[in-house]
Amino acid sequence: MEKTILISVMIGMIVFLGLHLVFWRRSASNSPRMILLTTLAGIGLGATALAQIFFNGLKPVPLFTALWIDTFLLISYFFVYAGVCRSVSVTLMSRLMRSKDQTVDFGILVDEYIRSTRFEDRIRLMDQSGWVQLSGNSVRITPKGLAVARVVRFLSRATGREMEG
Amino acid sequence: MSMSGVLVVSALVSATWLFFVLVHLGALVLFRVRESLILGFMAAAGPAILWRLTGSITVSGEPVPNFLKTAALFLYWAGCIGYVEILSLLSRGISFRVLLDLLRNNGAADLKTLSLSYGDGMGLKGLLAKRLHSLSRAGFLHYQENQVGPPTFLGRLFGGITSGMRTLLRLQQVG
């Protein structure tokens with residue numbers, strides 16, 4: 001039974017990663033597309049469940065064993081993906097590795113970052129999410145953004161941390 | 001073992017996770033203990049307790065099978081990773097920080113002001129310096145005064161994998 005559980009988990013992950021790769025390769029985007037990624041994760045879990053039902057029938061123990069292991073792998077991937085997708089540290093590391101002797105002056109790094117559209121892109125994504133309204137160079141917080149900001153401020157204080165950014 | 005056994009194990013996983021989240025929050029707010037210590041404790045002690053708990057119960061006279069006990073640990077760790085991700089967003093999320101900056105600025109600002117006053121006035125330059133210090137502390141690169149780099153072996157590995165993933169997934173204009 002353990003072998004069929006592992007096979008089911010692998011099938012779910014292969015379906016998820018395969019679809020993820022196909023969708024992401026088909027069109028480049030600045031958006032992390034988290035809703036689409038979550039839908040694909042759901043399809044992956046469905047594939048695991050179907051494979052498990054095929055192997056062992058509708059037995060709850062092997063079915064949930066496979067689903068829980070799959071959930072762990074998916075959440076781990078989401079964690080890595082969030083970093084790869086949005087992390088400034090990753091951007092800095094890849095910039096460093098592109099330079100000739102793998103060193104760069106801090107001033108140049110700052111200058112390049114400020115001249116790039118990365119910050120504006122982020123504001124544009126926030127505009128698409130309905131958190132802010134961007135018109136020309138002016139940014140205004142929306143009622144939805146205000147609600148998010150208040151929740152974030154509350155949670156930051158409740159968890160004893162400063163929202164540093 | 002039937003569905004009721006699975007439900008009992010899920011309840012134990014949830015209770016253990018919730019207990020350690022509360023311990024973590026309590027330790028952070030009341031005692032200001034170093035965060036990584038408590039998170040490490042949460043990731044290691046939680047599974048040990050969970051393993052003992054699931055080993056000590058029987059549902060309808062049947063013990064919990066070992067592979068369900070193992071899967072319960074994975075589910076618990078999934079919860080820990082989700083929790084760490086939320087904490088990380090709450091302290092380092094750039095979009096959240098921009099919202100708070102806007103809130104301090106009566107809800108509106110132009111792009112240039114936002115980038116200059118980002119993070120309570122540290123600006124984008126301060127953001128980059130902060131990230132570089134973190135990378136240096138984590139042993140990914142050398143960073144002294146104005147010279148950034150070279151990366152360490154760990155940094156090259158990290159940079160190589162993450163840049164490769166960005167290229168593979170066509171995520172070039174982000175971060």
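**Chain B and its interface with chain A**

Read from the N terminus, the elements of chain B follow the order α-α-β-β-α-α-β-α-α-α-β-β-α, where helices (H or I, at least four residues) and strands (E, at least two) are DSSP runs numbered from the N terminus. The model is predicted, so that local features need pLDDT of at least 70 and side-chain atom pairs count only at pLDDT 80 or more, while totals for chains, interfaces and linings use all residues. Residues are numbered from 1 along each chain as its sequence is written, chains are lettered from A and ligands numbered from 1 in the order in which they are written, and side-chain values use heavy atoms, with hydrogens and water left out.

The C-alpha trace of chain B spans about 65 × 45 × 35 Å along its principal axes.

At the interface, 86 residues of chain B are in contact (heavy atoms within 4.5 Å) with 84 residues of chain A. The two chains bury about 7,600 Å² between them, 73% of it on carbon and sulfur atoms, buried area being the accessible area (1.4 Å probe) that two parts lose on being put together, summed over both. Helix α3 (residues 66-92) of chain B gives the most to the side of chain B that touches chain A, with 17 residues.

Strands also meet across the two chains: β1 (residues 104-105) of chain A and β5 (residues 147-151) of chain B run antiparallel and are joined by two bridges, strands being paired if DSSP finds at least two bridges between them. Here D105(A) stands opposite Q147(B) in β5(B).
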